Amino acid sequence: MALTLYVDTARWRAHHQSVLQQFPGLVPVCKGNGYGFGHERLADEAARLGADILAVGTTYEAARIKDFFSGDLLVLTPFRHGEEPVPLPDRAIRSVSSVEGVGGLVGARVVIEVMSSMKRHGVTPEDLPKLAAAIEDVRLEGFAIHLPLDRTDGSDAVEEVIGWMDRLRAARLPLHTMFVSHLKAEELARLQQQFPQTRFRARIGTRLWLGDHEATEYRGSVLDVTRVAKGERFGYRQQKAASDGYLVVVAGGTSHGVGLESPKALHGVMPRAKGVARAGLATVNRNLAPYVWSGKQRWFAEPPHMQVSILFVPSDAPAPQVGEELVAHLRHTTTQFDRIVDR
């Protein structure tokens, strides 16, 4: 009995190919929990796509993935002086976001990140005069720019990249390769047309692995079903059942990421109102579970346990049977499955 990730493999891979056609030379990203699929699986899929570079989040991830992927490994987290040294092969490429960082990687292969409107990290225009001398001591693989997902000020992503291309060119820095993130296919094509001597390579993770929502599905096995009457006590905290119904024990708990949710940016009146309503219900121990049964998303009977969750199904709905599976709407990047099944 398990929390299972089912993958429609043919459909999933067809989506990969469609993204590859839109973004020739894309750099697949495999970081965190491997977008819910695991590092080994995504390394294999990246090789299947013919990728020569796989982007990872940290040096620790690169150290784990190096045995699964034979191409270059681009570490996205920038190098910092004083960081713990992690043994990596020469095919590892380090991101750098400062002139000082470049100076600390003599002889290494590096990609230099420029400061975008994200304001996260990167070299600034004022740093460029110092870079010309610094890059003589490293093997420069290119520059990179990480762009925001939303542009609420109406600005143009392409114009932001062009601005940096002009600055780098004015500083007489090599522009053979520019790694970009969060551009549309038509935006990438515009840049490639305007700068034919530069190879633009899109680093893509979410859109590549999770872009077709119908290709994957989580399901949790029903482990036990117990009838309860209104007022009966149950669970760790011995709460009272609010009405007649069933306590349904289903595979998937906090160790799987069930019940763990990252904050969301809410836009508009209705999403904000729903967020307030959910917060209000949570104060009286009413929390919606990610599991669906008989056409409805069900409520947690109590907070999820480590490996299972207990749901409350009211008596006006049919009781699930032990061994059945309930669809679970879970976020891939925070979920750890027990098994993966290709179908």
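The structure is a predicted model, in which local features need pLDDT of at least 70 and side-chain atom pairs count only at pLDDT 80 or more, while totals for chains, interfaces and linings use all residues. Residues are numbered from 1 along each chain as its sequence is written, and side-chain values use heavy atoms, with hydrogens and water left out. Helices (H or I, at least four residues) and strands (E, at least two) are DSSP runs, numbered from the N terminus.

- Pockets and cavities are found on a 1 Å grid over the protein atoms alone: a cavity is a set of points where a 1.4 Å probe fits but cannot get out, a pocket is an open set with protein on both sides within 12 Å along at least five of seven lines, and lining residues have an atom within 4 Å of a point.
- Grid points are joined across faces, edges and corners, and a volume is the space filled by probe spheres set on the points.
- The second largest pocket has a volume of about 840 Å³, and among the 34 residues that line this pocket, His146, Leu149, Ser181, His182 and Thr206 lie nearest its centre.
- At least two lining residues of the second largest pocket come from each of β8 (177-181), β9 (199-204) and α8 (206-210), with β9 giving the most, 3 residues.
- The lining of the second largest pocket has 14 nonpolar, 11 polar and 9 charged residues, where Ala, Val, Leu, Ile, Met, Phe, Trp, Tyr, Cys and Pro count as nonpolar, Asp, Glu, Lys and Arg as charged, and the others, Gly among them, as polar.
- The whole structure holds 1 cavity of 30 Å³ or more, and the largest cavity contains about 40 Å³ of space.
- Glu113, Val114, Ser116, Met118, Lys119, Arg120, His121 and His146 line the largest cavity, a lining that divides into 2 nonpolar, 3 polar and 3 charged residues.

**Strand β17**

- Strand β17 (residues 325-328) pairs in the antiparallel sense with β10 (residues 216-228) over 4 bridges, two strands being paired if DSSP finds at least two bridges between them.
- Strand β14 (residues 288-293) also pairs with β17 in the antiparallel sense, over 2 bridges.
- Ala328 in β17 stands opposite Tyr218 and also opposite Tyr291.

**Helix α2**

- In α2 (residues 39-48), the buried residues are His39, Arg41, Leu42, Ala43, Glu45 and Ala46, where buried means under 20% relative accessible area (1.4 Å probe, protein chains only).
- These buried residues pack against α1 (9-22), β2 (27-28), β3 (53-56), α3 (59-65), α8 and β18 (339-342), with contact meaning heavy atoms within 4.5 Å.

Methods: Buried < 20%, exposed > 50% of the residue type's maximum accessible area, 1.4 Å probe, protein only.
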